[in-house]
Amino acid sequence: MTTPRIAIDAMGGDEGVRVMIEGAAEARRRHDQFQFLLVGDETRIKAALAEHPNLKGASEILHCDDVVGGDEIPTQALRRAKTTSMGLAVNAVKQGNAGAAVSAGNTGALMAMSKLALRTMPGIDRPALAAVMPTLEDDDVIMLDLGANTEADARNLVQFAIMGAAYSRIILGRKPRVRLLNIGTEEIKGFDRLRDAAAELQEATGLDMDFDGYVESDKINRGEVDVVVTDGFSGNIALKAIEGTARFVTDLLRAAFTSSIRSKVGFLVSRPATELLKHHLDPNNHNGAVFLGLNGVVVKSHGSATAGGVAHAVTVAAKLLEANLTDRITADLNALQSRAQGAPTE
């Protein structure tokens, strides 16, 4: 299928236009079928495009010089949804002028604007923020929710599991292993909402996932699970703890390798291995959190992402469009609803 064009909030992120345009250009070099709607200050965008002729011919510019601030309260940003680069990028998806939107701007504002413009899918109560993280194995792990909903009941968690599994199948190309995040793997552990969600997922038929209870936080990155499901409060804490530990280990290794002449020699010997570790832990290689459960594709790039990171986020958006993510989620929701009503699943 032809990939619909992707709306880029060119003004979002720590460095704004330069990195966003450079990232889109890199994505275009990797996938020459990509088309773009670049939303932001036209003068600055045209100046940046001058260095990327491959992107210029595949892009349309939608002028806008109003930007959502990084520390702006979502409710305030929402009032300017029709005048900001972020709001207009999301609205392009609503109007059918783009298939997906990518922004590196304020996460809370992006979620608020996306929910208002695109609304949640039928059968989904709340959208969730999902991100990909590295594991010890070849495949990454998807975790949701990471902050869109500080609280989630059993019904929400079941819906998160269905959405996360659909996303994972697009990435992995196989039936994913799905688990609920808990303080233990025993059936009696955790809140009632966790046990209720686990019971419903255990009994469900027709869902294209392998569900087998709980996973503890120390196993998230072991490669033993493909989708980790939790509420946004716990998920955000777990994510920040994982990211902080990765930075701690990296800084510790750097300090150790520069502590003496002997250590520096050791670093030169082990450099191929340390470079591989650096590449594996680099968040730019996993950039692109997705708002699942909306009637459209919206991808959040990290504010400090490099051009390579932005390119990865753009590629994620295109991949979800090509694989019809919303259709996959709808099919699993219908299967779950059919089982609940006692009807045979297709």
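1. Basis of the values. In this predicted model, local features need pLDDT of at least 70 and side-chain atom pairs count only at pLDDT 80 or more, whereas totals for chains, interfaces and linings use all residues. Residues are numbered from 1 along each chain as its sequence is written, and side-chain values use heavy atoms, with hydrogens and water left out.

2. Helices α7 and α8. Helix α7 (residues 154–172) packs against helix α8 (residues 192–203) at an angle of about 50 degrees, and their axes are 8 Å apart; the helices (H or I, at least four residues) and strands (E, at least two) are DSSP runs numbered from the N terminus. Axes here are lines fitted to C-alpha atoms, for helices over the stretch in contact, and angles run from 0 to 180 degrees between N-to-C directions. The two helices α7 and α8 are therefore oblique to each other, given that angles under 35 degrees count as roughly parallel, over 145 as roughly antiparallel, 65 to 115 as roughly perpendicular and the rest as oblique. Their crossing is right-handed, a term that applies if the near helix is turned clockwise from the far one by less than a right angle, anticlockwise being left-handed. On the α7 side Ala154, Leu157, Val158 and Ala161 meet Arg193, Leu194, Asp196, Ala197, Glu200 and Leu201 of α8, where contact means heavy atoms within 4.5 Å. By class, this contact of α7 with α8 has 7 nonpolar, no polar and 3 charged residues; Ala, Val, Leu, Ile, Met, Phe, Trp, Tyr, Cys and Pro count as nonpolar, Asp, Glu, Lys and Arg as charged, and the others, Gly among them, as polar.

3. Helices α1 and α11. An angle of about 60 degrees, with axes 7 Å apart, describes the packing of helix α1 (residues 17–30) and helix α11 (residues 307–322), and α1 and α11 are therefore oblique to each other. The crossing of α1 and α11 is right-handed. From α1, Val19, Met20, Glu22, Gly23, Ala24, Glu26, Ala27 and Arg30 meet Ala307, Gly308, Val310, Ala311, His312, Val314 and Thr315 in α11, a contact that divides into 8 nonpolar, 4 polar and 3 charged residues.

4. Helices α5 and α6. Helix α5 (residues 85–95) and α6 pack at an angle of about 30 degrees, with 9 Å between their axes, which makes α5 roughly parallel to α6. The crossing of α5 and α6 is right-handed, and the residues of α5 that meet α6 include Met86, Val90 and Val93, with Leu110, Met113 and Leu118 among those of α6.

5. A search of the whole structure finds 1 cavity of 30 Å³ or more, and the largest cavity has a volume of about 40 Å³. On a 1 Å grid over the protein atoms alone, a cavity is a set of points where a 1.4 Å probe fits but cannot get out, while a pocket is an open set with protein on both sides within 12 Å along at least five of seven lines, and lining residues have an atom within 4 Å of a point. Grid points are joined across faces, edges and corners, and a volume is the space filled by probe spheres set on the points. Among the residues lining the largest cavity are Met121, Phe291, Leu325 and Ile329; β10 (289–292) and α12 (325–340) each supply at least two of the lining residues. The lining of this cavity divides into 8 nonpolar, 3 polar and no charged residues.

6. Backbone geometry. Most residues other than glycine have a negative phi, and most peptide bonds are trans. In this model a cis peptide bond, with omega about 0 degrees, joins Leu144 and Asp145, and Asp145 is found in the loop between β6 (141–144) and α7. Arg119 has a positive phi, near 60 degrees, and is placed in the loop between α6 (107–118) and β5 (128–133). Asn324, with a positive phi near 55 degrees, lies in the loop between α11 and α12.
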